[in-house]
Amino acid sequence: MVLQWYPGHMNKAKNQVQDRLKLVDIVLEIVDARLPFSSRNPVLEQIIDQKKHIIILNKSDLADPKVTADWKLNFEQEGTKSIELDAKHNKGLGKIKTLIRSELSEKIERYERNGVKNYQIKAMCIGIPNVGKSTILNRLVGKNVAVTGNKPGVTKNQNWLKTNIGIDLLDTPGILWPKIDDPKVGMKLALSGAIKDKIYEPDDVAIYALNFMETHYMDQLQETYKLDKSDIFNHTTPELLMTLSQKFGYNDDYDRAARRIIDDIRKLKLGRVTFDVPGEFYEE
Ligand SMILES: Nc1nc2c(ncn2[C@@H]2O[C@H](COP(=O)(O)OP(=O)(O)OP(=O)(O)O)[C@@H](O)[C@H]2O)c(=O)[nH]1
Ligand SMILES: [Mg+2]
């Protein structure tokens, strides 16, 4: 499954990010904590290369905490500061202001030395669709000024928002890159909800997810679906999808079973899972 598209609005959004870059002091790159590698847009990374930037691992409530800690270390070693966040339940937001101020400490000291009082820090939030950019901004503003929604492509335009933490924030539409070469990355993005549901085949994605769970989260998989060892061992993953379809009472409607599995993963029914494993990823 190689996903390829380039909707005009994404191209426009990319150019807008490029345009605005010189107006901001820092870029907040929001990634999905379940996919700290696959949810980073290589096109955006190129654009922001020379700019100060921090990574926010959002939706950390859905990710495997041990792996999130590994990813933070990994980014730190690459020279980029990161923080984990659960914007939905308002956890970890205070750390954003502290980190932004410490990253911009030289500039802030300069302002203060020169007696500039009402300086306003400007930050831009970027990331792929549906990672929670607008939700984070609403939290920082303290009320729901930006529209959010559990589907990709909710924010259509850039919007400046004034926060109560002395930082002006720019909300931007989620941007995907034109061609996703690695099929696994495509599957992970689909699983996370970054790609519109009508673009991918649910059985491909569910089989990918089941296979990953069999390798990395076997206990969670077995427990949630009350599977016997005999359902898993000596069976292929497509056979496991068929077994589950029977268990769900969907008979041979494998598409329906696949959608249910994807939904269960998104709703945490299979527990907290991270689909990007740090070491594994870089070896590919
Ligand atoms: N579980 C969980 N859900 C979150 C979190 N942050 C945001 N969400 C949910 O993720 C969905 C997408 O949030 P948005 O803020 O609209 O995402 P966005 O990045 O602005 O998306 P686009 O505007 O489409 O690019 C919404 O249903 C949010 O409630 C989080 O930390 N944890
Ligand atoms: Mg948005």
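**Notebook: helices and buried spots**

I started with a pair of helices and saw that α8 passes α12 in a left-handed crossing. That word is used when the near helix is turned anticlockwise from the far one by less than a right angle, and right-handed is used if it is turned clockwise. Before going on, I noted that this is a predicted model, in which local features need pLDDT of at least 70, side-chain atom pairs count only at pLDDT 80 or more, and totals for chains, interfaces and linings use all residues. I also noted that residues are numbered from 1 along each chain as its sequence is written, that chains are lettered from A and ligands numbered from 1 in the order in which they are written, and that side-chain values use heavy atoms, with hydrogens and water left out.

**Entry: α8 and α12**

I looked up how two packed helices are described, and it is by the angle between their axes and the distance between the axes. Helix α8 covers residues 202-216 and helix α12 residues 254-266; they pack at about 50 degrees, with axes 8 Å apart. Helices here are DSSP runs (H or I, at least four residues), strands are too (E, at least two), and both are numbered from the N terminus. Axes are lines fitted to C-alpha atoms, for helices over the stretch in contact, and angles run from 0 to 180 degrees between N-to-C directions. So I wrote down α8 and α12 as oblique to each other. The scale I used calls angles under 35 degrees roughly parallel, over 145 roughly antiparallel, 65 to 115 roughly perpendicular and the rest oblique.

I then listed who meets whom: P202, D203, V205, A206, A209 and L210 of α8 face D255, A258, R259, I261, I262 and I265 of α12. By class, this contact has 9 nonpolar, no polar and 3 charged residues. Nonpolar covers Ala, Val, Leu, Ile, Met, Phe, Trp, Tyr, Cys and Pro, charged covers Asp, Glu, Lys and Arg, and polar covers the others, Gly among them. Contact means heavy atoms within 4.5 Å.

**Entry: α7 and α12**

Next I checked helix α7 (residues 183-192), which packs with α12 at about 70 degrees, axes 9 Å apart. I can therefore call α7 and α12 roughly perpendicular to each other. A190, L191 and S192 of α7 make the contact with I262, I265 and R266 of α12.

I stayed on α7, where V185 lies. V185 counts as buried at 7% relative accessibility; buried is under 20% relative accessible area, exposed over 50%, partly exposed in between (1.4 Å probe, protein chains only). I found the C-alpha atoms of V185 and S39 to be 8.3 Å apart, though 146 residues separate them along the chain.

I followed that to S39, in the loop between β2 (26-32) and α2 (42-47). S39 is buried at 2%. Its contacts, leaving aside neighbours within four places in sequence, are V31, D32, I128 and L189.

**Entry: α6**

How many residues of helix α6 are buried? I found 7 of the 9 in residues 133-141, so α6 is largely enclosed by the rest of the structure. I noted that the cover includes β2, β3 (53-58), α4 (94-103), β5 (121-127), β6 (159-162) and β7 (167-171). After α6 comes G142, with a positive phi near 95 degrees.

**Entry: A123**

My last stop was A123, in strand β5, which is buried at 0%. Leaving aside neighbours within four places, I saw A123 touch residues including V24, I26, W160 and L169.
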